[in-house]
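Colleague: I would like to go through the labels attached to this predicted model. Please set each value against its cut-off.

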Amino acid sequence: MRKFYLIGFALLLLFDTIGQCSFKLTANHAQPLMANMEWIMRVFTQPWVYIAVLGYIGAFFTWMILLKKAPVGPAFAASHLEVVTVMLVSAFLFHEHITITRTIGAIFVVAGILFLAFAEKQLVQSEADNHHDPV
């Protein structure tokens, strides 16, 4: 089951990160932003917009499969690791700076997810112990 979660959440992060970064690439290539048909045509002639849509479709189906087995609270939190992966990929792709504030924020996101995972593990263990205890 652990392997299922690791592969599932890795795929979810991959799809989400591809989606977010592809939308940014679309926006960059469709400049300047204008509320007219010319701009809309620039957006929809960019291959990145379709890659972004495919990324979100992949994320949706991966998320639905994960939710069948994973506890909702920790799963929802883990799905937000995309904030960290997008930040890292953006530093490479878009030369965005990883500041100390962003680093601290990423550490808090990861720490929060780890705390929720440990709490869930303790809850499952406690329920298993209570289930096997004849009282």
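Colleague: What makes Lys-24 and Glu-96 a salt bridge?

Modeller: The closest N and O atoms of Lys-24 and Glu-96 are 2.8 Å apart. The cut-off is 4 Å, so the pair qualifies. The two residues sit in distant parts of the chain, 72 residues apart: Lys-24 in helix α1 (residues 2–29), Glu-96 in the loop between α5 (82–93) and α6 (100–132).

Colleague: Why is Lys-24 called partly exposed?

Modeller: Its relative accessibility is 33%. Buried needs under 20% and exposed over 50%, so Lys-24 falls in between. Glu-96, at 31%, is partly exposed as well.

Colleague: How many salt bridges does a search of the whole structure find?

Modeller: It finds 2. Besides the Lys-24 pair, Arg-42 and Glu-38 meet at 3.1 Å, N to O. These residues are 4 apart in helix α2 (residues 37–44), and therefore separated by about one helical turn.

Colleague: Are Arg-42 and Glu-38 buried or exposed?

Modeller: Arg-42 has a relative accessible area of 17%, which is under 20%, so Arg-42 is buried. Glu-38 reaches 51%, which is over 50%, so Glu-38 is exposed.

Colleague: What lines the largest pocket?

Modeller: The pocket holds about 760 Å³ of space and is lined by 19 residues, with Arg-2, Tyr-5, Leu-6, Phe-9 and Ala-117 nearest its centre. Helices α1, α4 (72–79) and α6 each give two or more residues to the lining, and α6 has the largest share, 7 residues. By class, 16 lining residues are nonpolar, 3 are charged and none is polar.

Note on methods
Residues numbered from 1 in each chain as written. Predicted model: local features only at pLDDT ≥ 70, side-chain atom pairs only at ≥ 80, totals over all residues. Heavy atoms only, no water. Salt bridge = Lys/Arg side-chain N within 4 Å of Asp/Glu carboxyl O. Buried < 20%, exposed > 50% of the residue type's maximum accessible area, 1.4 Å probe, protein only. 1 Å grid on protein atoms, 1.4 Å probe; cavity = no way out; pocket = protein on both sides within 12 Å on 5 of 7 lines; lining within 4 Å. Points joined across faces, edges and corners; volume = space filled by probe spheres on them. Nonpolar A, V, L, I, M, F, W, Y, C, P; charged D, E, K, R; others polar.
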